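This report is written for someone meeting the structure for the first time. Please look over the sequence and the model below, and then read on with both in view.

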Amino acid sequence: MEGFTRAQIDKAESKDFALGAGPKRPRDAATLILLDRRGSDICVLMGRRHMKHAFMPGKFVFPGGRTDPNDSRIDVATPLEPAEETKLIGTGSRATAARARAIALSAIRETYEEAGLLIGRRGPFTTNKADWQGFAEHGIQPSLAGLRFVARAITPPGRVRRFDTRFLSVWKNEVALELEDGGPTHELEELVWLPIADAKQADIPTITRTVLGDLEARLKADPDLKPGGEVPFYRLRNNRFERNII
């Protein structure tokens, strides 16, 4: 376990995590880190948040957003690897396979909406869920087998916006279709593939930089990201930021 003092929080993010009135339960969120081997580098896909956004405007981030519990009902071509599902389920009264499935599928849906990348397998797919019609229209069945759980972070208590974010990763070869015009929401601008070392130097949130460092180390030890690897978990306890391993 490692501790981090408040002084280590990026001051540029203070307005995004300003103190607010009353306790707020963190909302489930999912982020997807797409990976691509390019020569000797492993690159990640990032996009800049539009300046009109109230939350972290202008920052480079990975595709992602709040988890929709209804995503758990979406049919998939392949399920999560058992070791990944176990890690993603976690422990506690809210630890269920349905919640883990919703988190994983939310990451895939958000990547389609924000980046225009459909992760899955080609084949017939039907759903009455409006947010998934892009997959149905293009004949792509969402697939979870390639996803790896690589980090978890909870926004400190007392903040205006609090998220319990699971960072997932997937290799680019799991992308079945890339839309030329990007995602339908256009939430991310300037989508770019960056070597991890360069991405860590970009204008990114502090937790993103930390997660990238962890992922870089894991890739050096396990280049293929085998299922069930160690997952760092960041949160604030007793006024100190802790790093625990799931």
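## The surroundings of Thr111

Leaving aside neighbours within four places in sequence, Thr111 is in contact with Leu32, Leu34, Pro63, Gly116, Leu117 and Ile119, where contact means heavy atoms within 4.5 Å. Thr111 has its place in helix α2, and at 0% relative accessibility Thr111 counts as buried; buried means under 20% relative accessible area, exposed over 50% and partly exposed in between, with a 1.4 Å probe and protein chains only.

The model is a predicted one, in which local features need pLDDT of at least 70 and side-chain atom pairs count only at pLDDT 80 or more, while totals for chains, interfaces and linings use all residues. Residues are numbered from 1 along each chain as its sequence is written, and side-chain values use heavy atoms, with hydrogens and water left out.

## The chain as a whole

The secondary structure of the chain comes to five helices and 13 strands; helices (H or I, at least four residues) and strands (E, at least two) are DSSP runs, numbered from the N terminus. Of the 246 residues of the chain, 50% count as buried. Among the contacts in the chain with a separation of 6 or more, 70% are between residues 24 or more positions apart.

Three strands form an open sheet in the order β7-β6-β10, with antiparallel pairing, and two strands are said to pair if DSSP finds at least two bridges between them. The edge strands, β7 (140-142) and β10 (175-178), each pair on one side only. On average, and with direction ignored, neighbouring strands of this sheet are turned by 65° against each other.

Strand β6 (residues 117-122) pairs with β10 in the antiparallel sense over three bridges, and Ile119 stands opposite Val175 in β10. Helix α2 (residues 97-115) packs on the sheet and touches β6 and β7, its direction making about 120° with that of β6. Axes are lines fitted to C-alpha atoms, for helices over the stretch in contact, and angles run from 0 to 180 degrees between N-to-C directions.

## Helix α1 against helix α2

Helix α1 (residues 82-89) and α2 pack at an angle of about 105°, with their axes 9 Å apart. That makes α1 roughly perpendicular to α2, a term for angles of 65 to 115 degrees, whereas those under 35 count as roughly parallel, those over 145 as roughly antiparallel and the rest as oblique. The contact is made by Glu85, Leu88 and Ile89 of α1 together with Ala97, Ala100, Ile103 and Ala104 of α2.

## Aromatic rings

A search of the whole structure finds two aromatic pairs; rings of Phe, Tyr and Trp (its six-membered ring) pair if their centres lie within 6.5 Å, and planes under 30 degrees apart count as stacked, over 60 as edge-to-face and the rest as tilted. The rings of Tyr112 and Phe135 have their centres 5.5 Å apart and their planes at 70°, so this pair is edge-to-face. It links distant parts of the chain, with Tyr112 in helix α2 and Phe135 in helix α3 (residues 133-138), 23 residues apart.

Tyr112 is buried, with a relative accessible area of 10%, and Phe135 is buried too, with a value of 0%. The rings of Trp132 and Phe135 have their centres 5.0 Å apart and their planes at 45°, so that pair is tilted, and Trp132 is buried at a relative accessible area of 0%.
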